[in-house]
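Here is a short briefing for a reader meeting this structure for the first time. Please look over the sequence and the model before reading on.

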Amino acid sequence: MSALDELAAAVEAGKAKLVKELVPQAVEEGFTAQQILNDGLLRGMNVVGDRFTRNEAFVPEVLVSARAMNKGTELIKPMLAEEGNEPLGKACLGTVQGDLHDIGKNIVKLLVESKGIEIIDLGVDVPPEKFVETVINEKCDLVLCSALLTTTMPMMGKTIEALKEAGVRDQVKVFVGGAPITQSFCDEIGADYYTEDAASCAAKCEEVLRAK
C-alpha cells in the first residue's frame, strides 16, 4: 500500500495525527503535492462525502474526517504554491442576513473544499452587500447562500438583486440551500441551482466549474 492509499484511509477514518505523519512520507516517496491532495487527502474525504449522501455517515464523522484532511492540506500548501497549482475555482459562502445557523453551512464548506474549490467563508448573518463585495474583490465564480429560517429566505432574493445592481450577476452562479429551500423557491428568486444537501452541492459546484 502506497502512502497515498494510507493517506486516503487515514482521512476516511478521521486520524489527523496519522495524516500528519503520512504526508511527509508521501513526499519522500516522490509524490507531488497535487497527487497528495487529489489521490490521498481528497480521495479519502470523497469517500466520507459519498457515505454522508447515502446516510451511512453522520455529521460528527464528516467533521472528524475534514479535520484530518485539513491537517494534511496545511502541510502541502507551500508545495502547492511552488508547483503553481490553482484551485478549480473560488466560491463565497454564507448564511444570509438575519440567520445565525451555521452547522449546515460548515458541512457544505468542508465538502465543497474537498472538490478542490477555494471557499471564502463569510460566516452567518451575511448582508447582501457583503456577498457583492466579496464577489468583486475576490473574483468569485460561485455564491453559496444558506438559510434555515423561513423568515430569512427573502434575503436570498435580495442578495441576487444586489448582485444584479452591482453588475456582477452574470459573473457568478448562485446556489441556494437549507431546510426550507425548494427548487420552486430557487426558480422564483432567480438563483441558478438548488441542492438539497451538502454532498450534492459539492458535486454540482465541481460540475459547474469543470464545465466553464
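## A salt bridge to start from

The side chains of Lys109 and Asp121 form a salt bridge, with 3.9 Å from N to O. This pair ties together distant parts of the chain: Lys109 sits in helix 5 (residues 103-113) and Asp121 in strand 2, 12 residues apart. The model is a predicted one.

**Around Lys109 and Asp121**

- Lys105, Lys109 and Asp121 belong to one network, joined by salt bridges that share partners.
- The count of salt bridges comes to 13.

- Glu207 forms a salt bridge with Lys204, and their closest N and O atoms are 3.1 Å apart.
- Glu207 and Lys204 are three residues apart in helix 9, so about one helical turn separates them.
- Glu207 is partly exposed at 47% relative accessibility.
- Lys204 is partly exposed at 24% relative accessibility.
- A salt bridge also links Glu206 with Arg210, where the closest N and O atoms are 3.2 Å apart.
- Glu206 and Arg210 are four residues apart in helix 9, so they too are separated by about one helical turn.
- Glu206 is partly exposed, with a relative accessible area of 21%.
- Arg210 counts as exposed because its relative accessible area is 55%, and exposed means over 50%.
- Glu207 and Lys115 are 92 residues apart in sequence, yet their C-alpha atoms are 9.9 Å apart in space.

- Five strands make up an open sheet, in the order 2-1-3-4-5, and their pairing is parallel.
- Which strands stand at the edges? They are strand 2 (118-121) and strand 5 (193-194). Each has a single partner strand, so one side of each is left without a neighbour in the sheet.
- Helix 9 (residues 198-210) packs on the sheet and touches strand 3, strand 4 (173-177) and strand 5. The direction of helix 9 makes about 170° with that of strand 4.
- Strand 1 (residues 90-95) and strand 3 (residues 142-146) run parallel and are joined by five bridges.
- Leu93 stands opposite Leu144 in strand 3.
- In general, strands of a sheet pair through backbone hydrogen bonds, either parallel or antiparallel.

**Helix 1 against helix 3**

- How do these two helices meet? The axes of helix 1 (residues 3-13) and helix 3 (residues 33-53) come within 7 Å and cross at roughly 35°.
- The crossing of helix 1 and helix 3 is right-handed.
- Helix 1 brings Leu4, Asp5, Leu7, Ala8, Val11 and Glu12 to the contact.
- Helix 3 contributes residues including Ile36, Asp39, Leu41, Arg43, Met45, Val47 and Val48.
- By class, the contact of helix 1 with helix 3 holds nine nonpolar, three polar and four charged residues.

Conventions
Residues numbered from 1 in each chain as written. Predicted model: local features only at pLDDT ≥ 70, side-chain atom pairs only at ≥ 80, totals over all residues. Heavy atoms only, no water. Pairing = 2+ DSSP bridges. Contact = heavy atoms within 4.5 Å. Axes fitted to C-alpha atoms, helices over the stretch in contact; angles between N-to-C directions. Salt bridge = Lys/Arg side-chain N within 4 Å of Asp/Glu carboxyl O. Buried < 20%, exposed > 50% of the residue type's maximum accessible area, 1.4 Å probe, protein only. Left-handed = near helix turned anticlockwise from the far one by under 90°. Nonpolar A, V, L, I, M, F, W, Y, C, P; charged D, E, K, R; others polar.
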